[in-house]
Amino acid sequence: MASKRRLRRKSCEGKIQFPDKDTAMKACYSYKRKFGQFMTAYPCKFCNHFHIGHPTKQVRTALFHKYG
């Protein structure tokens with residue numbers, strides 16, 4: 001079983017912390033324009049801020065079918 005410290009390090013270390021979802025979503029849109037990759041914002045349960053990352057496979061599939 002992984003330690004809580006290791007999980008927090010993996011979840012937060014090296015990632016940008018955004019104070020709210022709106023700021024994180026603006027960063028997602030900027031990333032999409034700059035690199036052409038879709039990103040999504042998510043709340044972090046360890047630091048109570050938002051991070052951005054690639055969406056899960058389920059979300060990508062749903063978006064593809066909806067907007068595809």
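Predicted model: local features only at pLDDT ≥ 70, side-chain atom pairs only at ≥ 80, totals over all residues.

Trainee: OK, how many residues does H2 have?

Mentor: Helix H2 covers residues 21–35, so to speak 15 residues. Helices (H or I, at least four residues) and strands (E, at least two) are DSSP runs, numbered from the N terminus. From first C-alpha to last, H2 reaches 21 Å, close to the 21 Å expected at 1.5 Å a residue; that expected span is 1.5 Å times one less than the number of residues.

Trainee: Which residues of H2 are buried?

Mentor: Ala24, Ala27 and Cys28. Buried means under 20% relative accessible area, exposed over 50%, and partly exposed in between (1.4 Å probe, protein chains only).

Trainee: And where do they sit around the helix?

Mentor: Looking down the axis of H2, the buried residues fall within an arc of 105°, so they line one face. The arc is taken from the directions from the helix axis to the C-beta atoms. On the other side, Asp22, Lys26 and Arg33 are exposed.

Trainee: What does the buried side pack against?

Mentor: Strand S1 (40–43) and strand S2 (50–53). Cys28, for one, touches Met39, Thr40, Ala41 and Ile52, not counting residues up to four places away in sequence. Contact here means heavy atoms within 4.5 Å. Ala27, leaving aside neighbours within four places, is in contact with Phe18 and Ile52.

Trainee: Which residues make up the largest nonpolar core?

Mentor: It has 7 residues: Phe18, Ala24, Ala27, Cys28, Met39, Ala41 and Phe50. The largest share, 3 residues, comes from H2. A nonpolar core is a set of buried Ala, Val, Leu, Ile, Met, Phe, Trp, Tyr and Cys residues joined through side-chain atoms within 4.5 Å.

Trainee: Switching to the strands, how many bridges join S1 to S2?

Mentor: 4 bridges, and the strands run antiparallel. Two strands pair if DSSP finds at least two bridges between them. The bridge partner of Tyr42 in S2 is His51.

Trainee: What about Asn48, buried or exposed?

Mentor: Exposed, with a relative accessible area of 65%. Asn48 is in the loop between S1 and S2, and its phi is near 60°, a positive value in a residue other than glycine.

Methods: Residues numbered from 1 in each chain as written. Heavy atoms only, no water.
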